[in-house]
Amino acid sequence: MSGPSYPVPAAGSGAPPVSPEELLDWADRLLTSPVEGLGNLWPRACALVIRLALEQSLDRYWTRVLPEAAECGMRQQLLLLPLYAGSDAAADAGLDAASLAREAWRGLARAAHHHVYELAPTAEELRRWHTAVSRLTVLLAAEPNQVMGSR
Amino acid sequence: MGERARSVEEIILEKLNNDKVPDQVASLVISAMRGEELEKAAQKEQPPCPPCDGEPRLAYLKGVTVQGFRGIGPKVTLPLQPGPGLTLITGRNGSGKSSFAEAAELALTGENRRWADRAAVWKEGWRNLHEPEPADIEVDLTEDGQHGSTTVTMRWAADAELGEADVSVQADAGGPHRLADKGWSKPLELYRPFLSYSELGALVSGQPSKMHDALQAILGLDLLIDTERALSDSRKSADSVSKAARQQLPALLEKLAKHPDSRARAAEKALSGRVPDLDALAALAAGGEDAAGGRSRLLQMVATITMPDKDEVAAAFERVEAAREAVVATAGTKAADARRLASLLSAVLEHRREHVDEPCPVCGGRVLDNAWAEGAEASIEDLNTKAASVDKALQEQTAALHALSQLIPAKPAVLSADLGEEADPAEASEAWDRLVLPTLSAEAYETVVAPIVALRDRAATVLKRRAEAWQPIANDLAAWAKQARDSQQAAVLLADLKKALEWLRKVGKEVRNERLAPFASTSAQVWEMLRQESNVELGPITLEGSGPQRKVALNVTVDGVEGAALGVMSQGELHALGLALFLPRATAAESPFGFLVIDDPVQSMDPAKVDGLARVLSHVALTRQVVVFTHDDRLSSSLRQLQLPSTIWAVTRRERSVVALKKTDDPVKRYLDDARAMARTRQLPSAVRAVAVAGLCRGALEAACFEVIRSRQLAAGVPHAEVERALESAHTLHHVMALALFGSTDHGIEVVGKVRELGGQPCVNAFSYAKRGVHEGVNGDLKRFVEDTEKLAKALRR
């Protein structure tokens, strides 16, 4: 891919992973201003970056709370998340970590892969996922290093 | 909603009363509302109050069975879980899924007028192509506080039309057998729980007036539309009827002008006034006489003259002749002489009684002895008889002559009148003068009477010819006179119809707003959840204008800027709008329908909006039974991935309309799938895995218990509110299990025993791990634990 290169965490490279906050900044820039050379690829690129931010955000949280979970697939992570983070009240409003993660993941997983008949995500969709992942990142960062089962 | 919701009919009746609308105008509105013939409305007394419905009970759907209807051939049942929850029926287009939705709506709404408006294609193609017969629909429901179920059956005879089905209600708990007695008609209007594909489709037609009507229908205001349409149609026809007489007049006048009959002149005169003389016209049309004392009547008199025929005349002459002969036969016998002689002899006989055997006192000759006396007595008798027969013959002669002279009636005056060119009475009149019997002989009579008979026949012919020439125009006159009366009536009706329509349009606006207002904020909330990334914000909605100018006024802002309403909305957004207006109403607390049936709300929604829809429907499903039909996988995949509980059925249709249903997902299955996935995740510390798996297994058992509790308790007649209260207050799996097994939490101690009875030790293990494991973790084989849980869940639901 030509054009500006984006920082991508190389697994096992030893380089410190880019923080989810930084990734979200990148995504925001992609959303608000055209990037030369990227052409029509920007929506998918943006989706990939937001998805990465989501993964990084969860990763950082699990590393702190339950390191083994970081190794699991997203399905397991999403099943575990309500057991660790958030409150019932937030869950009822769909604003708890698990709901935010689930909703963003559902869209991002689809957008980041190629589907024959599906078009690239719209700016509005990307913005919504961006908002959800931003909220999630803030929520997770604020969670204590709690013991499982406190909920 | 503070005050009790009112049906359109109630509101209109009240407003008719409050506005002091004149009786005849009010009658028109009411008749139009009730679908009666308006032309007769003006004369009819209207009952003041609509039929009152009883209080219906909260109902949930238990199943829909369909056969030989639309896309469904052989009998197939869609089983549903009564009570709140979300059920999705997925199937490709043409799989027959919508047929279930339509069948349920048709059966429960009965002979609803909404079906009358359906496209002709639909109305003709309602029977299944492959299995047109038998055709029937059964909808099973549970009703709050009633044991067992209630079944609404709709059955069609072999040759019946769509609207000719037999609809009956059968309830285990007894109750009405007529659908109309269920008390559903008003709630169906106010809180209609059905949202069909075509209604959502109509919203995106793009025509402002069509959208207006579609929204009105979603708001349950069909009656308003129909009433307005009925009044408007009547007004159009009254308008054309009122003008018809005037339009037909020139043609009639032209015909009259060409017609020679004097009645045509009379008719022209009757038509010449500012107001036509309809009575005179009707009389003329009936063949009646013209005012000018006309000749037709004179001719009529001539035509009815009756003359004796020659046989009668001959007979009369014969009688006279016979009488004359009788008189001649008495041959000079003078009756008076005979009587005088008889009385002389009588006087002598009298004299002789004193003077026996003396000589005759008259002539002084012969002695009047006994022999003379005997002879005299015989003579007296003979003389009297002769005199009588002479009298009789004379009388008969007189009578016969009289009869002869009377045979010819008096000459009618009409013979001296002017009968016009076609009949000259002069000759006949002269002939009549000569008809003096008996001066005329019987032979001569026929010759003399001939001109009279000729005149009479001529008069009859003239009359007949005139009648033949007049009849067509008489028909025209009669038809026009009737038309004129109709037009006069129509003109009166038209004035009232105009007033009625004007009034209804004014009131319609108020009714619409009354409908929209209570739900406005809920609608805005639903829209907020549905719109997702849409930059269109929804303000208050109003239905504006009337007649062809009617439209939906949306107060929308696009990116914070006020927009041109509908133009900026995508199809998906319009569907979302329809749902936003439909859902709050269908889920109103006052509705007796615990269920909602929505046919394909997903069409043309983008993926993000589908997620919003999934959330909205799940939210509604917390308190209502939501049944959604959808043609693709988007909604079900959204529900799955967002972890929203739902039961999913897949509909498939083989050749010859054989429709099959398969449950592909439900909350229990989903929990178990997740538990299995979690149990396999070796990366996690076993303690973490155990707790997570236990939580998911508990979820599976609770979901199974909830399902069992709801369907058993509702079927046992426990009021819905009580069931939900019990579910809410059951905080532990143990309580929930007790409710599922015994219908009450009082049996806590017996629960484990009952679980063992259901499935032995594995089930007991599953139950106790699910209870404790969430807090303590599970020791041992997680996979086995999930299997045991599945076994228990299955046993519970059996």
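Over all chains, a search of the whole structure finds 46 salt bridges, a salt bridge being a side-chain nitrogen of Lys or Arg within 4 Å of a carboxyl oxygen of Asp or Glu. One of them joins Glu138(B) to Arg155(B), whose closest N and O atoms are 3.9 Å apart. Glu138(B) belongs to strand E4 of chain B and Arg155(B) to strand E5 of chain B, so this pair ties together parts that are 17 residues apart in sequence. Helices (H or I, at least four residues) and strands (E, at least two) are DSSP runs, numbered from the N terminus.

The model is predicted: local features need pLDDT of at least 70 and side-chain atom pairs count only at pLDDT 80 or more, while totals for chains, interfaces and linings use all residues. Residues are numbered from 1 along each chain as its sequence is written, chains are lettered from A and ligands numbered from 1 in the order in which they are written, and side-chain values use heavy atoms, with hydrogens and water left out.

The interface is described next. The size of an interface is often given as the accessible area lost when the parts come together. Chain A and chain B bury about 2100 Å² between them, with 61% of it on carbon and sulfur atoms; buried area is the accessible area (1.4 Å probe) that two parts lose on being put together, summed over both. Of the area that chain A buries against chain B, 30% is supplied by Leu79(A), Arg102(A) and Arg106(A), more than by any other three residues. The contact (heavy atoms within 4.5 Å) takes 21 residues from chain A and 25 residues from chain B.

Three salt bridges are found across the interface of chain A and chain B. In a salt bridge of 2.8 Å, N to O, the side chain of Glu103(A) meets that of Arg615(B). Eight residue pairs, both residues at pLDDT 80 or more, are in polar contact across the interface of chain A and chain B. A polar contact is a pair of N or O atoms within 3.5 Å; within protein, one must be able to donate a hydrogen and the other to accept it, and residues adjacent in sequence count only if both atoms are side-chain atoms. On the side of chain A that touches chain B, helix H3 (74–84), helix H5 (97–111) and helix H6 (123–142) of chain A each supply at least two residues. The largest share, six residues, comes from H3(A).

Within chain B, an open sheet of five strands has the order E2-E1-E4-E5-E6, with antiparallel pairing; two strands pair if DSSP finds at least two bridges between them. Strand E2 (76–79) and strand E6 (166–171) of chain B each have a single partner strand and stand at the edges, so one side of each is left without a neighbour in the sheet. Strand E5 (residues 150–156) of chain B is joined to E6(B) by six bridges, and the two run antiparallel. Val169(B), in E6(B), is the bridge partner of Val152(B).

A further open sheet of chain B has six strands in the order E7-E11-E12-E3-E13-E14, with mixed pairing. Its edges are strand E7 (194–195) and strand E14 (659–665) of chain B, each with a single partner strand, so one side of each is left without a neighbour in the sheet. Two bridges pair E7(B) with strand E11 (residues 595–599) of chain B in the parallel sense. Phe194(B) has Val597(B) in E11(B) as its bridge partner.

Two backbone features in loops of chain B complete the description. The peptide bond from Glu133(B) to Pro134(B) is cis, with omega near -5 degrees, and Pro134(B) lies in the loop between helix H5 (120–124) and strand E4 (135–143) of chain B. Gln643(B), although not a glycine, has a positive phi of about 60 degrees; Gln643(B) is found in the loop between H21 and E13 of chain B.
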